[in-house]
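Here is a short tour of one protein chain, meant to be read with the structure open beside you.

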Amino acid sequence: WRPGVSWRSLVARAGRHTVRDPAGSFLLIGGLAVTVCSAWFSTPLAVPVLGAVAAAAVAVEERHRRR
């Protein structure tokens with residue numbers, strides 16, 4: 001995200017990244033699944049797990065840059 005960039009172009013770019021990097025998409029889906037399970041077991045655990053999902057999102061973006 002950058003200031004002034006439209007959401008439409010950001011969503012289109014995210015869609016292209018999803019198709020080109022299924023392993024990265026799996027990382028994010030897995031992270032979200034862990035967040036949901038953590039919230040189900042113990043709600044306070046969902047907060048730190050969201051940080052892990054954010055880290056996975058950054059890792060996926062870095063994987064794309066290095067390709």
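## Surface and burial

The protein chain exposes about 5,300 Å², and carbon and sulfur atoms supply 70% of that area. Please keep in mind that this is a predicted model. Of the 67 residues in the chain, 19% count as buried.

## Overall fold

Three helices and zero strands make up the elements of the protein chain. Read from the N terminus, their order is α-α-α. The radius of gyration is 14 Å, well over the 11 Å that the globule rule gives for 67 residues, so the chain is more spread out than a compact globule. Along its principal axes, the C-alpha trace spans about 35 × 25 × 15 Å.

## The largest pocket

Which residues lie nearest the centre of the largest pocket? They are L10, R13, A14, H17 and E61, out of a lining of 21 residues. The space in this pocket comes to about 610 Å³.

Each of α1 (7-20), α2 (22-41) and α3 (46-66) supplies at least two residues of the lining. The helix that gives the most is α1, with eight residues. Sorted by class, the lining has eleven nonpolar, five polar and five charged residues.

## What the record says

An unreviewed UniProt entry lists residues 26-59 as "transmembrane region". In the model, that span is 88% helix and 0% strand, and its end C-alpha atoms lie 12 Å apart.

Technical notes
Residues numbered from 1 in each chain as written. Predicted model: local features only at pLDDT ≥ 70, side-chain atom pairs only at ≥ 80, totals over all residues. Heavy atoms only, no water. 1 Å grid on protein atoms, 1.4 Å probe; cavity = no way out; pocket = protein on both sides within 12 Å on 5 of 7 lines; lining within 4 Å. Points joined across faces, edges and corners; volume = space filled by probe spheres on them. Helix = DSSP H or I, 4+ residues; strand = E, 2+ residues; numbered from the N terminus. Nonpolar A, V, L, I, M, F, W, Y, C, P; charged D, E, K, R; others polar. UniProt positions renumbered as here; feature names shortened; annotations may be inferred. Rg over C-alpha atoms; globule rule 2.2 N^0.38 Å. Buried < 20%, exposed > 50% of the residue type's maximum accessible area, 1.4 Å probe, protein only. Areas by Shrake-Rupley, 256 points an atom, 1.4 Å probe, with all protein chains shown as cover.
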